[in-house]
Amino acid sequence: MNTEQIKLLGDELYQALCQRQQVQPLTSRFGDITIEDSYHISLQLLQHRLDAGERIIGKKIGLTSNAVQNMLKVDQPDFGYLTDKMAFSQGQEMPISQQLIQPKAEGEIAFILKKDLLGPGITAADVLAATDCVIPCFEVVDSRIDNWQIKIQDTVADNASCGLFVLGDQAVDPRKVDLATCGMVVEKNGQLLSTGAGAAALGSPVNCVVWLANKLGEFGIPLKAGEVILSGSLVPLEPVQAGDFMSVSIGGIGSASVLFT
């Protein structure tokens, strides 16, 4: 794709975000679009958000579990940028009916970094040494692409389908919990919805952060101290709407909950 096409698509996705509208899949309109093109489109979209006063507070890894990859028919992880406008705290209501289009919630483990990580060559030991704590969280993904008809290029261009997220109020040292075997239980409106384990995400959430640090390292982009890193879902995506209440509990780490409005 040429530079002008990339700019126009980034502009289009930003307008769709602001106006809560869906657009036709990019892959259905541009058969030659590559994943690299899509990351450039996502940067154009991100620049609009920064120009509007948002600031980057972290990054997210998407499409890490087989369950989510199979659901969305993609075959590799991706990443996006988190801004302060996306973040909610435990106990805050999340106004998805005002801000999102077609939201889906997923339980995750968030990493809070205390040191920078810059690939290539980052290992699991490096990630653990650079992590201050891990926290249970819900990420609520959203897509500006019509009816979630996404291929990998579509979701990458759309900032990895970022929506909003909420962090729980419990944090633990990642070296004091087995992140590969820790179990996750997700409830929706008081009913058991799904269960998962750390191994569902590339074998361990730590491996997801390793992948991200090394992938971003290819572009000279570091994971920075103080950033929030969402490591990817351990359970299937769940459509949500105003009035739903969800909670997630992770063995050895804690819990998080959110009321959608």
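A disulfide is defined here as a pair of cysteine sulfur atoms within 2.5 Å. By this rule the count comes to 0 disulfides. Cys182 is in no disulfide, and the nearest cysteine sulfur, that of Cys208, is 11 Å away.

The structure is a predicted model, in which local features need pLDDT of at least 70 and side-chain atom pairs count only at pLDDT 80 or more, while totals for chains, interfaces and linings use all residues. Residues are numbered from 1 along each chain as its sequence is written, and side-chain values use heavy atoms, with hydrogens and water left out.

**Overall form**

The chain contains 8 helices and 13 strands; these are DSSP runs numbered from the N terminus, with helices (H or I) of at least four residues and strands (E) of at least two. The C-alpha trace spans about 50 × 45 × 35 Å along its principal axes. The radius of gyration is taken over C-alpha atoms, and the globule rule is 2.2 Å times the number of residues to the power 0.38. For 261 residues a compact globule would have a value near 18 Å, and the 17 Å of the chain agrees with this.

Contact means heavy atoms within 4.5 Å. Of the contacts with a separation of 6 or more, 76% are between residues 24 or more positions apart. Buried residues (under 20% relative accessible area; exposed is over 50% and partly exposed lies in between, with a 1.4 Å probe and protein chains only) make up 56% of the 261 residues.

The chain exposes about 10,500 Å², of which carbon and sulfur atoms supply 49%; the areas come from the Shrake-Rupley method with a 1.4 Å probe, and for residues only the protein chains shown count as cover. There are 19 positive and 30 negative side chains, and the centres of the two sets lie 2 Å apart. Lys and Arg count as positive and Asp and Glu as negative, without His and the chain ends; each charge is placed at NZ of Lys, CZ of Arg, CG of Asp or CD of Glu.

**Selected residues**

| Residue | Relative accessibility | Class |
|---|---|---|
| Cys182 | 5% | buried |
| Cys208 | 0% | buried |
| Ile57 | 17% | buried |
| Ala110 | 0% | buried |
| Arg20 | 36% | partly exposed |
| Asn159 | 5% | buried |

Ile57 belongs to strand β1 (residues 56–62). Ile57 and Glu227 are 170 residues apart in sequence, yet their C-alpha atoms are 5.4 Å apart. Leaving aside neighbours within four places in sequence, the contacts of Ile57 include Leu82, Phe165, Glu227 and Val228.

Ala110 lies in strand β5 (residues 104–113). Its C-alpha atom is separated by 9.0 Å from that of Lys60, 50 residues away along the chain. Not counting residues up to four places away in sequence, Ala110 touches several residues, among them Cys133, Cys137, Leu167 and Val228.

**Backbone features**

Most residues other than glycine have a negative phi, and most peptide bonds are trans. Gly119 and Pro120 are joined by a cis peptide bond, with omega of about 5°; Pro120 is found in the loop between β5 and α6 (124–130). Arg20, not a glycine, has a positive phi of about 55° and lies in the loop between α1 (3–19) and α2 (26–29). Asn159 also has a positive phi of about 55°, and Asn159 lies in the loop between α7 (152–157) and β7 (164–167).
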